[in-house]
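Look at the sequence and the structure first.

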Amino acid sequence: MGQTINGVLRRHGLILAFLVFLGGVALNADAFLTPGNILDVLRQVSITGMMALGVTFVVLTGRLDLSVGSLLTLLTVIVVDQHNIAGPFPAIVMTLLVGVAVGAFNGLLVGFVGLNALIVTLAMLSFLQGLVLFYSGGSNVNVANAQETWFGVFGRGDFLGLPVPVILFLVGAVIAGLVLQFTTFGRRVYGVGGNETASIFSGIDARWTVFWTYVVSGFTTGVAAVIMGSRVMGAQNTIGQGYELTVLAGVILGGTSLLGGSGSIWRTVIGISMLGFIQNGLLLLGFPYYVQWLVTWAVIIIAVWIDLGAKRGRIFA
Amino acid sequence: MDDVILKVEGITKTFPGVKALDNVSFDIRPGEVHALVGENGAGKSTLMKALAGLHKPDSGQIVYQGAPTEVTGPLDARQKGILLIHQELSLSPELSVAENIYLGAWPTNRFGVLKKRELRRNASKALEALGCGFGPDVRVGTLSVAMQQMVEIARAEAFSANVVIFDEPTASLTDTEKDQLFHTIRGLKARGVGIVYISHKMDEIFDITDRITVLRDGQVQGTVDTADTDLNQVTRMMIGRTLDTFFVKAKAEFGEEVLRVEELSKSGLFQDVSFSVREGEVLGLYGLVGAGRSEVVETVFGVRRADGGKIFWKGGDIALPTPRQSIDMGMALVPESRKEQGLVLMMGGRENTSLPHLSLFSELSVMNRPKELATFEKYRSALSIKTTGPDQAVSQLSGGNQQKFVLAKWLCADPKLIILDEPTRGIDVGSKSAIHELIADLAERGLAVIVISSEMPEVLGVSHRVLAMSEGAVVAEFEGDDMTEENLIDAVSHHRGEAAA
């Protein structure tokens with residue numbers, strides 16, 4: 001009964017492996033399951049998670065957004081720098097607008113011109129990294145009046161005992177989940193991802209649908225940048241490096257299919273949180289921080305493999 | 001040794017919802033050409049794939065050279081001496097002829113390095129045996145289709161095949177090329193190779209084959225000696241039940257004109273197509289595959305862009321609509337390919353049904369789920385669709401039930417015109433007649449209906465008027481007593497003859 005074993009593996013295999021991992025870490029690192037550490041993990045996750053919400057929209061249409069890493073860097077530099085120049089509120093608005101504009105440009109090239117999403121967003125990743133250095137001139141930026149501004153609330157504040165960034169992430173997740181499940185836009189996203197041709201035959205304009213998913217992705221990366229800038233009260237030129245793959249790993253670890261049409265926001269929340277705990281656990285076990293790059297690799301390969309296996313009806317080809 | 005090389009014994013193969021092969025048995029003798037005929041969906045290609053190891057049968061066995069044999073894949077089949085020559089050739093255009101002949105089974109030394117000289121020598125031998133006019137070093141991509149086919153046939157020589165299966169081998173050949181192919185087939189036959197010949201073209205079947213086995217709905221209807229039979233008998237065996245099926249035709253009470261198309265053209269696909277259809281009228285569009293029927297209606301619907309021509313909706317010029325505009329006006333298209341164009345397979349019946357009309361099922365962009373559910377239930381019972389619930393993925397349903405959801409998704413918005421492109425292809429007989437009745441019912445309720453079909457009895461049975469299409473043009477129109485199979489065949493084949501001359 002290959003189908004059943006596969007079904008169990010797909011539904012519960014990863015969760016099982018994750019629980020075993022959690023138990024293992026907890027036995028070896030006392031700090032792991034303390035409230036303080038858990039909140040730390042969630043604070044970290046809130047940034048990648050916020051980005052992953054938007055990227056989930058893109059992946060659901062069967063496309064990719066690899067530009068979000070450099071976009072996070074650029075937007076964090078912008079929000080911090082503009083905070084010093086124009087004040088917190090205009091800085092935030094400007095950051096979100098630039099995020100949306102970059103998303104719209106990706107969406108134009110992928111949705112309307114019909115270029116390959118991987119290439120378009122990979123090229124954008126490179127372009128934005130260059131743009132960051134043009135903008136900043138190569139130097140890091142810091143919030144000048146860190147003690148006086150209310151800007152710190154997004155990354156450092158607490159509300160009712162919960163960190164504000166975690167609240168922002170959860171509120172964002174609820175909104176994104178509702179949009180996907182209950183609106184016509186959500187339905188179009190699933191339709192285009194599930195069968196683009198059939199959706200076009202049903203009068204859905206796949207080009208606009210794809211376009212808007214990239215806009216959403218640009219917007220959520222903008223929100224993530226606000227949290228990041230507020231948390232660090234500064235920005236280095238490489239602050240978002242590698243985030244594009246961490247975010248993607250979280251999305252597909254949750255079980256959203258890279259082939260499009262199947263997946264959800266709650267899956268992304270689970271996936272990106274699991275990834276956060278895995279990386280934190282490895283740090284507590286004494287691995288160097290750069291082990292996270294190796295973990296990202298392993299997670300992407302395993303998750304894609306399982307997804308492919310489920311599509312083909314078996315794990316091993 | 002008896003005089004049978006390969007024997008299929010009681011093979012059954014079931015796909016979700018459909019029995020593709022039902023206890024099929026037949027045999028191939030050395031030195032004979034054995035035709036396998038049947039309508040689309042009769043099970044020919046499934047049987048062929050079972051022989052080539054692409055499908056594993058649920059039960060039954062293949063006896064090859066006197067021993068039960070399991071074929072694990074195309075390469076395994078080839079090495080055992082069973083060669084399948086596909087309609088779409090399986091060659092790699094960037095490789096040489098020699099490399100293609102031995103594709104996947106290249107001679108190598110113990111370091112895995114290709115033995116080029118041996119490869120060339122063996123390939124040359126195979127090509128010479130067939131009398132090919134090209135050498136082993138030519139890049140396959142530069143050869144004509146007919147020559148590429150020869151490369152595939154050369155594999156039969158190279159692997160000393162005992163059985164060669166041809167699937168629609170003449171589909172893209174000219175007459176001269178066809179003669180050459182038949183010459184080659186007769187050569188193989190003379191050397192004792194058993195040949196399976198699959199084709200829709202009856203003249204070829206009667207020209208080259210020795211025996212004919214007819215498949216229908218996954219069952220063998222019989223095997224006859226070609227010399228002892230005629231076209232009439234074979235056709236009867238192929239069509240069987242369909243001939244006796246009773247078609248309900250809608251009452252001929254027509255209202256206003258709904259759609260008129262004038263001189264619609266799209267270069268390379270169709271030219272100057274004009275027609276119109278009225279309320280309550282069923283217009284049939286007949287033609288062979290490739291005549292441009294689907295392309296015309298897809299252009300009217302807006303999925304394709306025309307180069308020229310006009311489309312009028314209720315008398316008004318609507319230029320070239322987008323699918324969205326067409327749907328909002330009241331046009332519906334049940335497309336040719338249910339799985340690729342008709343449904344989002346991973347969605348359930350509920351979501352598929354509302355997909356073309358999201359604005360009707362929502363307020364301020366928020367989906368109205370109770371309304372969706374009510375519509376789903378309404379059509380589930382009206383069309384008696386068998387599904388476990390609103391969210392059971394339609395991929396799990398049978399072809400007939402899937403097709404009913406495609407109908408549901410269009411009917412739920414009360415269209416004025418419904419275009420049905422091959423609405424009964426590949427579905428079971430029961431669902432077929434349900435769809436025929438539905439067509440009549442829709443017309444009597446005042447809808448304009450266009451039905452495209454390559455099944456002649458169907459198109460004649462349900463339509464009030466039939467257009468014959470060939471090679472991208474409307475070649476004839478028949479009404480009333482002129483609507484006969486002979487007239488349709490004449491129209492379509494006469495035109496083809498003219499075009500060839």
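A residue counts as buried when its relative accessible area is under 20%. The model discussed here is predicted.

**Helix H11 of chain A**

Helix H11(A) spans residues 243-253 and is mostly covered, with 10 of its 11 residues buried. The buried residues are Tyr243(A), Glu244(A), Thr246(A), Val247(A), Leu248(A), Ala249(A), Gly250(A), Val251(A), Ile252(A) and Leu253(A). Gly255(A) follows H11(A) and has a positive phi, near 110°.

**Helix pairs**

Two packed helices are described by the angle between their axes and the distance between the axes.

| Helix pair | Angle | Axis distance |
|---|---|---|
| H3(A), residues 68-86, and H5(A), residues 117-136 | about 20° | 7 Å |
| H8(A), residues 184-194, and H10(A), residues 206-232 | about 110° | 10 Å |
| H5(B), residues 145-158, and H6(B), residues 175-190 | about 5° | 11 Å |

Start with H3(A) and H5(A). Their axes make an angle of about 20°. Angles under 35 degrees count as roughly parallel, so H3(A) is roughly parallel to H5(A). Their crossing is left-handed. From H3(A), the contact takes in Gly69(A), Ser70(A), Leu71(A), Thr73(A), Leu74(A), Val77(A), Ile78(A), Asp81(A) and Gln82(A). From H5(A) come Leu125(A), Leu128(A), Gln129(A), Leu131(A), Val132(A), Tyr135(A) and Ser136(A). By class, this contact has nine nonpolar, six polar and one charged residues.

Is Ser70(A) buried or exposed? Ser70(A) counts as buried, because its relative accessibility is 4%. Beyond its neighbours within four places in sequence, Ser70(A) is in contact with Leu125(A), Leu128(A), Gln129(A), Val132(A) and Glu244(A). Glu244(A) is one of the buried residues of H11(A).

Next come H8(A) and H10(A). These helices pack at about 110°. An angle of 65 to 115 degrees counts as roughly perpendicular, so H8(A) and H10(A) are roughly perpendicular to each other. The crossing of H8(A) and H10(A) is left-handed. On the H8(A) side, Phe185(A), Arg188(A), Val189(A) and Val192(A) take part. They meet Ala206(A), Thr209(A), Val210(A), Trp212(A), Thr213(A) and Val216(A) in H10(A). The contact divides into seven nonpolar, two polar and one charged residues.

The last pair is in chain B. H5(B) and H6(B) pack at an angle of about 5°, and are therefore roughly parallel to each other. H5(B) supplies Ala146(B), Gln149(B), Met150(B), Ile153(B), Ala156(B) and Glu157(B). H6(B) supplies Glu177(B), Leu181(B), Thr184(B) and Leu188(B). Here the classes are six nonpolar, two polar and two charged.

**Two buried residues of chain B**

Ser124(B) sits in helix H4(B), residues 116-130. With a relative accessibility of 18%, Ser124(B) counts as buried. What does the side chain of Ser124(B) reach? The side chain of Ser124(B) reaches the backbone oxygen of Arg120(B) at 2.8 Å.

Val214(B) belongs to strand S9(B), residues 211-216. Its relative accessibility is 0%, so Val214(B) counts as buried. Apart from neighbours within four places in sequence, Val214(B) is in contact with Val37(B), Gln219(B), Val220(B), Gln221(B), Gly222(B), Val234(B), Met237(B) and Met238(B). Asp228(B) is 14 residues from Val214(B) along the chain, and their C-alpha atoms are separated by 15 Å.

**Positive phi in chain B**

Two glutamates in loops have a positive phi. Glu422(B) has a value of about 50°, although it is not a glycine. Glu422(B) lies in the loop between strand S19 (417-421) and helix H16 (429-444) of chain B. Its relative accessible area is 5%, so Glu422(B) is buried.

For Glu471(B), phi is positive and near 45°, again in a residue other than glycine. The loop here runs between strand S21 (465-470) and strand S22 (473-479) of chain B. Glu471(B) is partly exposed, with a relative accessible area of 38%.

Key. Residues are numbered from 1 along each chain as its sequence is written. Chains are lettered from A and ligands numbered from 1 in the order in which they are written. This is a predicted model: local features need pLDDT of at least 70, side-chain atom pairs count only at pLDDT 80 or more; totals for chains, interfaces and linings use all residues. Side-chain values use heavy atoms; hydrogens and water are left out. Axes are lines fitted to C-alpha atoms, for helices over the stretch in contact, and angles run from 0 to 180 degrees between N-to-C directions. Helices (H or I, at least four residues) and strands (E, at least two) are DSSP runs, numbered from the N terminus. Angles under 35 degrees count as roughly parallel, over 145 as roughly antiparallel, 65 to 115 as roughly perpendicular and the rest as oblique. A crossing is left-handed if the near helix is turned anticlockwise from the far one by less than a right angle, and right-handed if clockwise. Contact means heavy atoms within 4.5 Å. Ala, Val, Leu, Ile, Met, Phe, Trp, Tyr, Cys and Pro count as nonpolar, Asp, Glu, Lys and Arg as charged, and the others, Gly among them, as polar. Buried means under 20% relative accessible area, exposed over 50%, partly exposed in between (1.4 Å probe, protein chains only). A polar contact is a pair of N or O atoms within 3.5 Å; within protein, one must be able to donate a hydrogen and the other to accept it, and residues adjacent in sequence count only if both atoms are side-chain atoms.
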